[in-house]
Amino acid sequence: MHGMLKSVGGAMNKNVETINLDNTAYEAAKKMRDRKVSSLVVVDGKNGRPAGIITERDLTRRVCAEGVSSRDVLVQKVMSAPLVTIDPNSPVEVAADNMIHEKVRHLLVTDKDGKTLGIITPTDFGKVLSERMDMDEVNSLILKAVQEESSYNS
């Protein structure tokens, strides 16, 4: 695996939880807790197509920090839209670049017809990195960083 680029399709989470546009932020938070996920793809109940995404960050910043009741706010008012998507054959490095460029932490993985295949988040990159690195390499990097830090501080 060393040096090879892993595809988004191989790193993504295929378990994509959804919620309807007209559900409340309370229902979204409850579903995230119950399903142990950090985001929900928001779908339009009329056509079933993804309309946006609601994340823990959206709930914190747009509901909790505003002091409004999550039972009184619809998902469509606090979701992030439009969704940023990526092809499953793209390398994970491209996904990371897209997240940085688009300032998002969740990419919906879709096929050429727009069908949802999965989702990729920074957590998924951690898994890829841990698969790629051997412990000798990690330990030598840590040792090097500690040595550099102590030479700066002396």
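By how many helical turns are Asp-58 and Arg-62 separated in helix α3? In this predicted model, the two residues stand four apart within helix α3, which spans residues 56-64, so about one helical turn separates them. Their side chains form a salt bridge with an N to O distance of 3.1 Å. Asp-58 is buried at 6% relative accessibility, whereas Arg-62, at 38%, is partly exposed.

The protein chain that holds this pair contains seven helices and six strands. Read from the N terminus, these elements follow the order α-β-α-β-β-α-α-β-α-β-β-α-α. The chain has 154 residues, of which 33% count as buried. Its accessible surface amounts to about 9,900 Å², with 51% belonging to carbon and sulfur atoms. Of the contacts between residues at least 6 apart in sequence, 55% join residues at least 24 apart.

Side chains of opposite charge can pair when their charged atoms come close. The count of salt bridges in the model is three. One of them joins Glu-17 to Arg-35, with 2.6 Å between the closest N and O atoms. Glu-17 belongs to the loop between α1 (8-11) and β1 (18-20), while Arg-35 belongs to helix α2 (residues 25-35); the pair therefore ties together parts that lie 18 residues apart in sequence. Glu-17 is buried because its relative accessibility of 13% falls under 20%. Arg-35, by contrast, is partly exposed, at 45%.

A further salt bridge links the side chains of Arg-33 and Asp-34, at 2.9 Å from N to O. Here Arg-33 counts as exposed, with 56% relative accessibility, and Asp-34 as partly exposed, with 44%.

Conventions:
Residues numbered from 1 in each chain as written. Predicted model: local features only at pLDDT ≥ 70, side-chain atom pairs only at ≥ 80, totals over all residues. Heavy atoms only, no water. Buried < 20%, exposed > 50% of the residue type's maximum accessible area, 1.4 Å probe, protein only. Contact = heavy atoms within 4.5 Å. Areas by Shrake-Rupley, 256 points an atom, 1.4 Å probe, with all protein chains shown as cover. Salt bridge = Lys/Arg side-chain N within 4 Å of Asp/Glu carboxyl O.
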